[in-house]
Amino acid sequence: ERGILVIRDTEDKVKEIIDTLKRLDQPAAQMMLVCQVLRGVNNDTENPADAELQKQLRQLLPHESYSVEVNGMLRGSAAAGSRMELKMIMGDEGNTEYKLQMRIGAYDSKTGALSLEGCELSVASDEHGERELFRTVTTIYAGEHAVIGVTGSEPLFLVVQMHPVEAPQ
C-alpha cells in the first residue's frame, strides 16, 4: 500500500535481493504504432498513400493507387498482456469509424519483434452498422510497413508500423 518493502536476511542475501529487484523493477518498453487504413483504387486519388508504400502494395494487389481512408497513432506499453484500442474516424462528419483492437503477446527489443496475440479491425457506419473486417494473430517488426489484413472488392488494407520509443538521453 505504501510502497515499502522490508527485507531481513544476511547482508549478502539482502544485497542479492536488492540487485534482483533493481533488475526486475524496470518500466515496460514503450512503442508508437502508426496505423493506416488504405483503399486500393484504379484511378487517381486526392489522398494518396506514401509512394514507397504504394510500390510495396502493388506487389500484393496491382491497383493503380492506394488512397488513405484514415490514419491513427497510438503510444503504449509493449508489456505482455497489454491491450490497445484505437478508433479512427473518417471524414468531417464522422459517420464511419474504424476500430483497431490489439493484445500484446511479447516484445523482443533486440530484434524489434512485437507479437500480437490478437489483432481485430472492425468498421462502423450509419449506413451499414458495425461489422468485423478481420481478426488475426501475428508478429510485426520495428520500422516495417506490416500489412496486417486486406478485405473487400475495393480492398481495404490495414497497415501498421511499429516504432520503439527510446528514453531521452
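Predicted model: local features only at pLDDT ≥ 70, side-chain atom pairs only at ≥ 80, totals over all residues.
Let's start with one residue. Glu-132 has a relative accessibility of 44%, so Glu-132 counts as partly exposed.

Now the strands. Take the sheet with the order E2-E1-E8-E7. Four strands make up this open sheet, and their pairing is antiparallel. Which strands are at the edges? They are E2 and E7, and each of them pairs on one side only. On average, neighbouring strands here are turned by 20° against each other, if we ignore direction.

Look at the pair E1 and E8. They run antiparallel and share 10 bridges. One example to find on the screen: Leu-33 has Met-162 in E8 as its bridge partner. A helix packs on this sheet too. That is H2, residues 51-58, and H2 touches E1, E2, E7 and E8. The direction of H2 makes about 110° with that of E2.

Next to E8 in the order comes E7. E7 covers residues 146-151, and E8 covers residues 156-165. These two strands pair in the antiparallel sense over 5 bridges. Thr-151 is bridged to Leu-156 in E8. How many residues lie between the strands of this hairpin? There are 4.

Tyr-107 finds its bridge partner in E5: Leu-114.

Let's look at a loop. Ser-82 sits between E2 and strand E3, which covers 83-90. Is Ser-82 buried or exposed? It is buried, because its relative accessibility is 17% and the limit for buried is under 20%. What does Ser-82 touch, leaving aside neighbours within four places in sequence? Its contacts are Ser-77, Met-102, Arg-103 and Ile-104.

Now the charges. Side chains of opposite charge can pair when their charged atoms come close. How many salt bridges does a search of the whole structure find? The count is 7. I will show you some of them.

Start with Arg-39 and Glu-69. Their closest N and O atoms are 3.2 Å apart, and they form a salt bridge. Arg-39 belongs to strand E1, residues 30-41, while Glu-69 belongs to strand E2, residues 65-77. So this pair ties together parts that are 30 residues apart in sequence. Glu-69 is buried, at a relative accessible area of 16%. There is also a network here: salt bridges link Arg-39, Glu-69 and Glu-154.

Then comes Arg-135. Its side chain meets that of Glu-120 in a salt bridge, at 3.6 Å from N to O. Glu-120 is in strand E5, residues 113-125, and Arg-135 is in strand E6, residues 129-141. So the pair ties together parts that are 15 residues apart in sequence. Arg-135 is exposed, with a relative accessible area of 54%. Glu-120 is partly exposed, at 24%.

And here is the partner of our opening residue. The side chains of Glu-132 and Arg-135 also meet in a salt bridge, with 2.6 Å from N to O.

Last topic: the cysteines. How many disulfides does the structure hold? It holds 0. A disulfide needs sulfur atoms within 2.5 Å. Seen from Cys-119, the closest cysteine sulfur is in Cys-35. Cys-35 is buried, at 1% relative accessible area. Cys-119 counts as buried as well, with a relative accessibility of 1%.

That's it from me. Thank you.

Key:
Residues numbered from 1 in each chain as written. Heavy atoms only, no water. Buried < 20%, exposed > 50% of the residue type's maximum accessible area, 1.4 Å probe, protein only. Pairing = 2+ DSSP bridges. Salt bridge = Lys/Arg side-chain N within 4 Å of Asp/Glu carboxyl O. Axes fitted to C-alpha atoms, helices over the stretch in contact; angles between N-to-C directions. Contact = heavy atoms within 4.5 Å.
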